[in-house]
Amino acid sequence: MKYTPPTPENLRAIRDDLGLTQSSMADFVNVAGGQQWRKYTGGQSPRHMSFHMLFFLAARLSMNDSNLNKVYKKMIDLGATIERD
């Protein structure tokens, strides 16, 4: 599979459309904090968003809670421990 990540501008637009702060966006995509999210959206050499991170973001934006819970349950079935806020 060939993958080209979204641009920093694309990612900033997503955050703006959601009306989230840097910190809230970091929580939304499960990165350590606002500073980590900013690494994808700015600076001299913005970090490229990996396929799996973008997949997670797309899932959060497109799936309802019932579907997300099915995925979380499967993750638990596969051996993960998940404590949701």
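User: Does Arg15 count as buried or exposed?

Analyst: A quick note before the answer: this is a predicted model, where local features need pLDDT of at least 70, side-chain atom pairs count only at pLDDT 80 or more, and totals for chains, interfaces and linings use all residues. Residues are numbered from 1 along each chain as its sequence is written, and side-chain values use heavy atoms, with hydrogens and water left out. Buried means under 20% relative accessible area, exposed means over 50%, and partly exposed is in between (1.4 Å probe, protein chains only). Arg15 comes in at 19% relative accessibility, so the label for Arg15 is buried.

User: How many helices and strands are there in the protein?

Analyst: Helices (H or I, at least four residues) and strands (E, at least two) are DSSP runs, numbered from the N terminus. Read from that end, the elements go α-α-α-α-α. The tally is 5 helices and 0 strands.

User: What share of the residues of the protein count as buried?

Analyst: Picture the C-alpha atoms filling a box of roughly 40 × 30 × 20 Å along the principal axes. The protein has 85 residues, and the share that counts as buried is 24%.

User: Which residues does Arg15 touch, leaving out those up to four places away in sequence?

Analyst: Arg15 sits in helix H1, which spans residues 8-18. Touching is a contact, that is, heavy atoms within 4.5 Å. With the residues up to four places away in sequence left out, the partners of Arg15 are Leu20, Thr21, Gln22, Met25 and Trp37.

User: Which residue forms a salt bridge with Arg15?

Analyst: Side chains of opposite charge can pair when their charged atoms come close. The rule for a salt bridge is a side-chain nitrogen of Lys or Arg within 4 Å of a carboxyl oxygen of Asp or Glu, and the count by that rule is 3. For Arg15, the N to O distance is 3.3 Å, and the partner is Asp16.

User: How far apart are N and O in the salt bridge of Glu9 and Arg12?

Analyst: Glu9 and Arg12 are both in helix H1, 3 residues apart, or about one turn of the helix. Glu9 is partly exposed at 48% relative accessibility, and Arg12 is partly exposed at 32%. Their side chains meet with an N to O distance of 3.4 Å.

User: Which residue forms a salt bridge with Asp77?

Analyst: An α-helix has 3.6 residues a turn, so residues three or four places apart point the same way. The closest N and O atoms are 3.2 Å apart, and the partner is Lys73.

User: On which side or sides of H3 do its buried residues lie?

Analyst: Helix H3 runs over residues 34-41, and its buried residues are Gly34, Trp37, Tyr40 and Thr41. Taking directions from the helix axis to the C-beta atoms, these four cover an arc of only 110°, which puts them on the same side of H3.

User: Which helices are included in what covers the buried residues of H3?

Analyst: Trp37 is one of those buried residues, and Trp37 is also touched by Arg15, which lies in helix H1. The cover includes H1, helix H2 (22-28) and H4.

User: How many charged residues are in the lining of the second largest pocket?

Analyst: On a 1 Å grid over the protein atoms alone, a pocket is an open set of points where a 1.4 Å probe fits, with protein on both sides within 12 Å along at least five of seven lines; lining residues have an atom within 4 Å of a point. This pocket is lined by His52, Phe55, Phe56, Ala59, Met63, Leu68, Val71, Tyr72 and Met75. Ala, Val, Leu, Ile, Met, Phe, Trp, Tyr, Cys and Pro count as nonpolar, Asp, Glu, Lys and Arg as charged, and the others, Gly among them, as polar. That gives 8 nonpolar and 1 polar, and the number of charged residues is none.

User: How much space lies in the second largest pocket?

Analyst: Helix H4 (51-62) and helix H5 (65-77) each supply at least two residues of its lining. Volume here is the space filled by probe spheres set on the grid points, which are joined across faces, edges and corners. For this pocket, that space is about 160 Å³.
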